[in-house]
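Here is a brisk report on one structure.

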Amino acid sequence: MNINATLFGQLIMFGLFVWFCMKFVWPPLVEAMAARKKSIEEGLLAAEQGRAEHAQAQQKAEELIASTKNQAKEIIDNADKQANVMIDNAKGAAVEEADKIKAHAKSELDQEVVRARNDLKDQVSTLVMQGVNSVLEKEVDAKAHKDMLSKLSQSL
Amino acid sequence: MAQGELTASAYIKHHLQNLTFGQHPDGTWGIAHGAEQAKEMGFWAFHIDTLGFSFVLGALFLFIFAKAAKRATIDAPSGFQNFVESVIDFIDENVRGSFKGKNPMVAPLALTTFIWIILMNTMDLVPVDWLPYAAQLMGVDYLKVVPTTDPNATFGMALGIFLLILFFSIKEKGLGGFVGELTLHPFGKWMLPFNLFLEGVNLLAKPVSLALRLFGNMYAGEMIFILIALLPWYAQWALSLPWAIFHILIVLLQAFIFMTLVIVYMDMAHQKEH
């Protein structure tokens with residue numbers, strides 16, 4: 001238990017161990033740990049940034065969708081309006097056309113009526129002549145009364 | 001107890017005797033047989049067991065940590081790596097907390113003292129008879145396995161710390177500053193001798209208290225293990241187990257105290273203002 005030169009042996013050994021630790025053990029470990037810490041911090045920061053960017057992109061997308069919806073609605077409204085106008089126009093045209101056709105038909109009909117009346121007049125005058133002829137027999141000269149009869153039929 | 005014919009006092013004495021190598025009075029060099037011969041060798045003798053065990057343990061510490069240092073990468077650490085790094089973190093935190101100066105040596109110094117002392121103290125937990133008995137079978141008479149129960153080991157470390165305190169004090173404050181610190185405090189220049197005495201005691205108390213605290217604690221613990229080993233073999237466990245469990249605390253605590261004080265003393269050596 002006495003103090004002797006072991007003391008110096010221990011002292012030298014201690015010095016060597018501390019030197020070795022300082023040279024080969026401590027710096028690489030601390031550096032690696034610091035580097036890892038830094039990379040983790042950077043990773044977290046990047047993740048945070050990514051999250052923010054994602055949120056921003058989502059917001060942008062939502063805005064885009066909303067504006068697109070509005071646009072679509074506008075387009076549909078416009079189309080509706082246009083379609084209504086077109087239908088109205090078509091209706092007007094159709095009514096006009098129908099009126100035209102109707103007018104045409106009416107004029108034709110009128111002409112037909114006039115012609116039929118004329119025919120009827122002729123036939124009536126012929127019939128009247130025949131009737132008069134058969135009643136009067138010879139007393140009526142067809143020739144002599146023809147003018148008169150035609151005047152009559154004209155007045156019908 | 002391996003040696004049946006020994007008395008208790010002889011057993012204890014045997015366990016407290018280092019394996020000493022030195023010069024016999026007749027001029028030849030060799031291993032001392034017994035405490036008498038060891039004493040006769042005087043100062044220039046070496047405790048082979050203390051030196052050997054402390055060297056093996058220190059080398060083991062450096063081997064493990066250097067391996068971890070070589071493998072240290074930026075990637076996620078494995079279990080072993082994690083353990084080493086948590087120790088480094090612990091030391092780093094302690095150094096940052098107590099040491100305000102800038103010196104790349106302090107943290108490795110703290111790490112070395114902490115782990116080395118833990119390992120040396122842990123030898124105390126090996127049952128007291130195993131290694132000495134095994135050595136005896138191989139023809140070695142004496143073997144003291146716990147280096148920190150040898151004051152040479154603790155004083156050797158404390159002497160190293162003392163030299164570092166002197167070195168960094170002079171380096172940081174200059175020789176004049178350091179001498180001034182020793183002589184002009186706490187009572188001004190008219191009380192110079194008294195100041196020198198106070199500060200000298202203060203300075204010398206640092207390494208002495210470091211060495212004696214560690215040595216005393218470990219020596220006492222070892223002594224109790226030896227005393228327990230004197231009991232009948234079937235009763236030993238009842239005392240040695242609780243004591244060993246309690247001793248784990250002492251092993252770690254003494255290493256921690258030593259390390260913390262080393263950091264604090266280094267900090268004081270670096271402080272410009274008293």
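Chain B has nine helices and three strands. Helices (H or I, at least four residues) and strands (E, at least two) are DSSP runs, numbered from the N terminus. This is a predicted model, in which local features need pLDDT of at least 70 and side-chain atom pairs count only at pLDDT 80 or more, while totals for chains, interfaces and linings use all residues. Residues are numbered from 1 along each chain as its sequence is written, chains are lettered from A and ligands numbered from 1 in the order in which they are written, and side-chain values use heavy atoms, with hydrogens and water left out.

**Chain B overall**

Along the sequence, the elements of chain B follow the order α-β-β-α-β-α-α-α-α-α-α-α. The C-alpha trace spans about 65 × 55 × 40 Å along its principal axes. Of the 274 residues in chain B, 47% are buried. Buried means under 20% relative accessible area, exposed over 50%, and partly exposed in between (1.4 Å probe, protein chains only). Contact means heavy atoms within 4.5 Å. Among the contacts in chain B with a separation of 6 or more, 67% join residues 24 or more positions apart.

**The strands**

Strand S1 (residues 20-23) of chain B pairs with strand S3 (residues 45-47) of chain B in the antiparallel sense, over three bridges. Two strands pair if DSSP finds at least two bridges between them. Here Gly22(B) stands opposite Ala45(B) in S3(B). S1(B) is also joined by three bridges to strand S2 (residues 29-31) of chain B, again antiparallel. Gln23(B) has Trp29(B) in S2(B) as its bridge partner. S1(B) and S2(B) form a hairpin with five residues between them. Gly27(B), in the turn, has a positive phi of about 100 degrees.

Phe21(B) sits in strand S1 of chain B. Its relative accessibility is 30%, so Phe21(B) counts as partly exposed. Leaving aside neighbours within four places in sequence, Phe21(B) is in contact with Trp29(B), Gly30(B), Ile31(B), Met41(B), Ala45(B), Phe46(B) and Ile48(B). In a regular strand the side chains alternate between the two faces of the sheet.

Gly42(B) lies in the loop between helix H2 (35-40) and S3 of chain B. Gly42(B) counts as partly exposed because its relative accessibility is 30%.

| Pair | Separation in sequence | C-alpha to C-alpha distance |
|---|---|---|
| Gly42(B) and Gln23(B) | 19 residues | 8.3 Å |
| Phe21(B) and Gln81(B) | 60 residues | 40 Å |
| Ala255(B) and Ile115(B) | 140 residues | 7.5 Å |

**The nonpolar core**

A nonpolar core is a set of buried Ala, Val, Leu, Ile, Met, Phe, Trp, Tyr and Cys residues joined through side-chain atoms within 4.5 Å. The largest such core has 80 residues, of which Leu29(A), Phe65(B), Ile91(B), Leu111(B) and Met266(B) touch the most other members. Helix H1 (6-136) of chain A supplies at least two residues of this core, as do helices H1 (8-15), H3 (48-71), H4 (79-98), H5 (106-122), H7 (151-183), H8 (192-229) and H9 (233-270) of chain B. H9(B) gives the largest share of this core, 13 residues.

Phe65(B) touches residues of both chains: Val25(A) and Leu29(A), along with Val84(B), Val87(B), Ile88(B), Leu111(B) and Ile115(B), not counting residues up to four places away in sequence.

Ala255(B) is in helix H9 of chain B. At 0% relative accessibility, Ala255(B) counts as buried. Beyond its neighbours within four places in sequence, Ala255(B) is in contact with Phe114(B), Ile117(B), Ile118(B) and Asn121(B).

Thr149(B) belongs to the loop between helix H6 (130-137) and H7 of chain B. Thr149(B) also counts as buried, at 0% relative accessibility. With residues up to four places away in sequence not counted, Thr149(B) touches Lys144(B), Phe215(B), Met218(B), Tyr219(B) and Glu222(B).

**The cavity**

How many cavities of 30 Å³ or more does the structure hold? There is one. On a 1 Å grid over the protein atoms alone, a cavity is a set of points where a 1.4 Å probe fits but cannot get out; lining residues have an atom within 4 Å of a point. Grid points are joined across faces, edges and corners, and a volume is the space filled by probe spheres set on the points. The largest cavity has a volume of about 30 Å³. Its lining is made up of His15(B), Val128(B), Pro132(B), Leu143(B), Lys144(B), Val145(B) and Glu222(B). By class, four lining residues are nonpolar, one is polar and two are charged. Ala, Val, Leu, Ile, Met, Phe, Trp, Tyr, Cys and Pro count as nonpolar, Asp, Glu, Lys and Arg as charged, and the others, Gly among them, as polar.

Definitions and conventions:
On a 1 Å grid over the protein atoms alone, a cavity is a set of points where a 1.4 Å probe fits but cannot get out, and a pocket is an open set with protein on both sides within 12 Å along at least five of seven lines; lining residues have an atom within 4 Å of a point.
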